[in-house]
Amino acid sequence: MIPFETLNTGQKMPVLGLGTWLLTGQKCTQSVSQALELGYTHIDTAKAYENHREIASALENFDRKKIFITSKIWLTDLEPDAVGPACNQILKDLETDYLDLLLIHWPNKSVPVSETLGAMNDLAKQGKTKAIGVSNFTISHLKEALDSKAAKISVNQVEFHPLLYQKGLLEFCKSKGISVTAYCPLGRQGDLRHRAIKEIAERNERTAAQVCLRWLVQKGLVVIPKASSESHLEENMQIFDWELSNEDVEAIDSINRNKRVCNPTFADFNNGSE
Ligand SMILES: NC(=O)c1ccc[n+]([C@@H]2O[C@H](COP(=O)([O-])OP(=O)(O)OC[C@H]3O[C@@H](n4cnc5c(N)ncnc54)[C@H](OP(=O)(O)O)[C@@H]3O)[C@@H](O)[C@H]2O)c1
């Protein structure tokens with residue numbers, strides 16, 4: 001059984017979801033179907049991943065109400081007039097009436113965040129999304145968004161894994177009642193090769209991936225590893241019946257290198273990790 005994170009809306013968000021970036025075509029439908037069969041109840045997607053229709057095919061045989069679906073609005077659709085149509089297209093492609101969570105995929109300096117959030121708030125009032133959130137927001141982006149009071153922000157989805165331990169950002173989000181979802185929770189496999197992670201995995205008789213995911217879950221984050229093989233999908237679920245000791249958590253805390261694996265040219269991280 002996958003535990004839940006309670007959002008500031010009262011919704012229950014499963015703390016393990018399936019990331020679907022780079023899952024496209026038939027392979028996407030197949031992996032999402034496998035995940036749902038195994039008991040995943042949370043799918044992370046985005047307009048930019050171009051896989052909403054394939055995910056819709058996988059969802060056909062499952063009860064929509066039992067699945068938590070997150071999608072994201074791309075940079076070019078953040079003008080208030082563009083937000084509604086972008087969401088409508090997402091809903092159409094996913095063949096659903098509502099999203100559980102709709103995120104601003106990346107901050108965009110050229111559009112006031114208050115305007116985008118205002119338009120997203122209208123979507124929430126229309127029942128098209130149950131919660132609103134942001135992604136790739138630093139503390140300063142969040143302060144601006146919160147000050148605008150244009151919408152209740154429930155989630156910030158950011159890159160977070162042992163080699164990118166964004167402690168200050170996590171503490172800030174928690175202090176504001178914002179849940180944090182860790183994307184690239186395995187550092188796209190980079191963290192799995194770290195000596196300390198491998199040693200802790202061996203000692204706990206777990207895999208390096210499980211150690212990374214368990215560290216994040218113990219810190220109160222939601223994790224969305226992408227996995228396309230059944231063995232990875234299964235392995236990533238086996239993180240809820242054991243714990244890392246405080247010593248192991250502290251050892252992992254100390255390996256941070258502020259190492260981003262997702263840093264596109266348009267990103268605005270203020271030259272710092274937070
Ligand atoms: N908001 C954003 O801007 C943003 C940016 C990036 C990502 N994301 C979201 O976060 C999700 C996860 O991030 P990501 O896909 O970039 O990176 P990731 O989840 O850290 O790593 C995915 C890679 O790890 C492999 N893997 C999965 N489970 C494994 C295991 N147990 N052992 C060894 N390898 C394993 C996968 O291989 P196989 O596929 O072969 O199983 C894949 O190559 C994305 O899919 C997307 O939904 C959001």
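The buried residues of helix H8 are Ala 208, Ala 209, Val 211, Cys 212, Leu 213, Arg 214, Trp 215, Leu 216 and Val 217; a residue is buried if 20 or more other C-beta atoms, placed from the backbone, lie within 10 Å of its own. This is a predicted model, in which local features need pLDDT of at least 70 and side-chain atom pairs count only at pLDDT 80 or more, while totals for chains, interfaces and linings use all residues. Residues are numbered from 1 along each chain as its sequence is written. Helices (H or I, at least four residues) and strands (E, at least two) are DSSP runs, numbered from the N terminus.

**Helix H8**
- H8 covers residues 208-218, and nine of its 11 residues are buried.
- Strand E9 (179-183), helix H7 (195-204), strand E10 (222-223), H9 and helix H10 (246-253) pack against the buried residues of H8.

- Strand E5 (residues 68-73) runs parallel to E6 and is joined to it by four bridges; two strands pair if DSSP finds at least two bridges between them.
- Thr 70 has Leu 101 in E6 as its bridge partner.
- A right-handed β-α-β unit is made by E5, helix H3 (residues 80-94) and E6; right-handed means that, with the strands pointing away from the viewer, the path from the first strand over the helix to the second runs clockwise.
- E6 and strand E7 (residues 132-135) run parallel and are joined by three bridges, with Leu 103 opposite Gly 133 in E7.
- From E6 the chain passes through helix H4 (residues 113-125) to E7 in a right-handed β-α-β crossover.

**Ligand shell**
- The ligand is surrounded by 28 residues, the closest being Gly 19, Tyr 183, Leu 186, Ala 209 and Lys 226; a residue is near a molecule if its C-beta atom, placed from the backbone, lies within 6 Å of it.
- Helix H9 (residues 230-237) gives the most to this shell, with three residues.

**Whole chain**
- The protein chain has 10 helices and 10 strands.
- Of its 274 residues, 45% count as buried.
- The C-alpha trace of the protein chain spans about 55 × 45 × 35 Å along its principal axes.

Definitions and conventions. A residue is buried if 20 or more other C-beta atoms lie within 10 Å of its own, exposed if 12 or fewer, and partly exposed in between; C-beta atoms are placed from the backbone. Two residues are in contact if their C-beta atoms, placed from the backbone, lie within 7 Å.
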